[in-house]
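Hi,

Here is the structure I promised to pass on. Have a look at it first, and then read my notes below.

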Amino acid sequence: MTSLAPKTVSIVSVAIPIPVNQLFDYSVPPHIDYKQLQIGMRLRVPFGKSHKIGVLMALPALTEIESQRLKAIEAVLDTEPLLSHHDIHLLLWASRYYYHPLGEVMSAAFPVALRQGNPAQLPTVNFYRLTAQGIRTDPATLKRAPKQQQLLANVQAQALQGILEADLANLLIAPWRATLKALLDKGLLSVERQYANPVTHQQALQSPLYANTEQQQAIDQVSAALAHFRVFLLEGITGSGKTEVYMQIIQTVLTSGKQVLVLLPEITLTPQLEARFKQRFQVPIAISHSRLTDTQRQSAWLHMQQGSGKILLGTRSALFTPLKNPGLIILDEEHDSSFKQQEGFRFSARDVAIMRAKRLKIPVILGSATPSFESLENAARQRYQLLPLPTRAGQAIEPHYLILDIRNKKLQEGLSAPLVQAIKATLAKNEQVLIFLNRRGFAPTLICHSCGWVARCQRCDANLVTHYDKRLLRCHHCGYEQTLLQQCPACKKTTLTPLGLGTERIEKVLQNLFPEQRIIRLDHDTTQRKGTLEDYLGQINRHEVDIILGTQMLAKGHHFPNVTLVALLDVDSGLFSIDFHAPEKLAQLIIQVAGRAGRADKPGKVILQTRQPGHPLLLTLIREGYNRFAEVALAERKAASLPPFSHHALLRTFATDPESPLLFLQAICELIKTLPTPGVKLLGPVSAPMAKRAGRYHYQLLLQAERRVDLRALLDQVMPQIPRLRETKKIRWSLDIDPVDLY
Ligand code: ADP
Ligand code: ZN
Ligand code: ZN
């Protein structure tokens, strides 16, 4: 063989979705045109024994890999980059900020279908159009084929040019394919492929409301800043008209041809907002959340990326959707901790959204009735611009609070007599009652009345919860379940007693007390099936229900215009938590649940049952309001140097044995001691608040610094060394930047 002159190899660096923080270099084989390659395109590359879909991140001149070991890319999946350089920079930033492997961060930006290598084409659907002959033909001429007659008549009667395949099933009783084929064969219908539009609608448009003074000020201030980056904090109690403010600003953005990204904490809030947007805007609205199919999500993503979608309404995962022409980002219910991803790539959608807006030089609006303490502090420091909406829009009146001291009071399964009275009075007026208890199941504990034995989970530091409906004992932490015991395993007596209150138990009491009334229970157990929560919400709004009982699901932004009494059965458990976030969360919960009452023209009443009627936290909140409460609590955090007056990074670890996690964290502490680390405090290692979970032992180490740069300087040095520690062998670990709970 004659030896050939060494040919220059073209190199690409690729981000691959695996938990290793590095790019992988590949060569470009001759059959692929190097010049067509652009950063942001997806590539299929060989990896180990299989292959992976990665994103092209760089076109370096050199690689450190020896040429014999350099593998070649297999295919280029895109003809254009799917991500803009803004998108890529944001993802690079997020990977560095959260110390999370770039490949996994990149992959979070794509919907599953594109991650798997699907072509980046808008999905199409079959559209059946009436032909000229189809328009002319009288359906009566088909009376010997009644189904064909019906279909033709239907398509004609709808005065549509045609019909989508998906809608056929609604028009005809199955099997309808043969009918369809017959009309196609007769030349009455023709078929074509059409893009599945994010949304089509023929609804009558609603005009904007006449904004009140505060709303107008908020609208004006944001509208004046549409060409810049700025963070606005729209603080308005429930019903103060925040959505109306969003809609009027969105209108301006749409008119200028730009797109709007709206993020919500909860899937179940999207249909409500979608419906309101559809009544207002005649533009394609794309929806993205985890209950949609992969195809639907890919479609929403591509519509926004290509610019045909104008509004994207989604949950946390929609944050990274590329926007052809971005104009505004809105994050509603910004205080909600669902905006923080709690596993894998632990990012805060709020913080990344702000970073994204900054890169794109567009405004971002954070909306809430109970803003997070960080946002309030940022507003106080003038870093965010506060837009207050202090009054309820329209006619609605703010609810009236009542602290109900239940010490030494006789309780009927958790309900005090004055509360039962108030429920009766409300029902008598034909108004709805909402009862909140943040604990599902029948009772949180099963105890033996004779010997004191308690049903514990074998795999967790937790009691098993009694579920009577399903006759089960269940662990709410690891999912373990067993059939409900009849007999005490310790003393063999049949004196097992459920102790404490859960929603299931309250439901039974309410059914006994109010046998005539319609009662609905909304918790994780009753709303598992897709669509049930939506059904229930519909029934509530149509006033087919009198009493609504539920867990924190009820605190999430739903509108219940007919509810005039809200009762929180047990606020005490939230008053004594070791996590410094707890008072903030409790206050938000109380105000949010209370916000469901008296939204329309009827005044609402909020009853808090407590054994701590003099607790300063409750009193400040109820008497002086959420903002005063936040001021007091923020002053306490400042005195204790807690976030937002310092910054946290939480190193979590677990293993199947109790020693390894501790040894791992101790090794990290030793490592840190060898480094210059001014300004960083190490808190721990300690066992996690619930040390044993699903048979694993959890430990954590909290790093705290007053200046973020100090914390980052330390992590920059420590993080690359962790994988090399031999103590990592037996454990799993993760790092949480700006943790929102210390559990
Ligand atoms: P939020 O989003 O703050 O809960 P909404 O925007 O949903 O508040 O408004 C609550 C109710 O008040 C809605 O029924 C809305 O139509 C009405 N509303 C909002 N703004 C006005 C206004 N300027 N005039 C009259 N009604 C209003
Ligand atoms: Zn016993
Ligand atoms: Zn368990």
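Which residue takes a positive phi just after H14? That would be Asn430, with a phi of about 60°. Bear in mind that this is a predicted model.

H14 runs over residues 417–428, and its 12 residues reach 16 Å from the first C-alpha to the last, close to the 16 Å expected at 1.5 Å a residue. Its buried residues are Leu419, Val420, Ala422, Ile423, Thr426 and Leu427. They cover an arc of only 160° around the axis, so they sit on the same side of H14. The general rule behind this is that an α-helix has 3.6 residues a turn, so residues three or four places apart point the same way.

The zinc ion (ligand 3) is held by the SG atoms of Cys457, Cys460, Cys475 and Cys478, at 2.2 to 2.3 Å. Angles among the four donor atoms run from 106 to 114°, and the site is tetrahedral. For reference, the ideal angle for four tetrahedral donors is 109.5 degrees. Along the sequence, the donor residues of this ion follow C-x2-C-x14-C-x2-C. Cys460 lies in the loop between strands E20 (445–448) and E21 (465–467), while Cys475 lies in the loop between E22 (472–474) and E23 (481–483), so the pair ties together parts that are 15 residues apart in sequence. Both Cys460 and Cys475 are buried.

The zinc ion (ligand 2) has Cys448, Cys451, Cys488 and Cys491 around it, each coordinating through SG, at 2.2 to 2.3 Å. Here the four donor atoms subtend angles of 106 to 113°, which makes this arrangement tetrahedral. The spacing of its donors along the chain is C-x2-C-x36-C-x2-C. Cys448 counts as buried because its relative accessibility is 3%, whereas Cys451, with a relative accessible area of 40%, is partly exposed.

Last, a bit of sheet. In strand E25 (residues 519–522), Ile519 and Arg521 point one way and Ile520 and Leu522 the other, and all are buried, the arginine included. E25 pairs with strand E26 (residues 547–550) in the parallel sense, over four bridges, and Ile519 stands opposite Ile547 in E26. To get from E25 to E26 the chain passes through helix H16 (residues 532–541), in a right-handed β-α-β crossover.

Cheers

Key
Residues numbered from 1 in each chain as written. Chains lettered and ligands numbered in written order. Predicted model: local features only at pLDDT ≥ 70, side-chain atom pairs only at ≥ 80, totals over all residues. Heavy atoms only, no water. Helix = DSSP H or I, 4+ residues; strand = E, 2+ residues; numbered from the N terminus. Expected span 1.5 Å × (residues − 1). Buried < 20%, exposed > 50% of the residue type's maximum accessible area, 1.4 Å probe, protein only. Arc of directions from axis to C-beta. Donors = N, O, S within 2.8 Å, 3.2 Å for Na, K, Ca; no water. Tetrahedral: all angles 85-135°; square planar, octahedral: opposite > 155°, others 65-115°. Pairing = 2+ DSSP bridges. Right-handed = clockwise from strand over helix to strand, strands pointing away.
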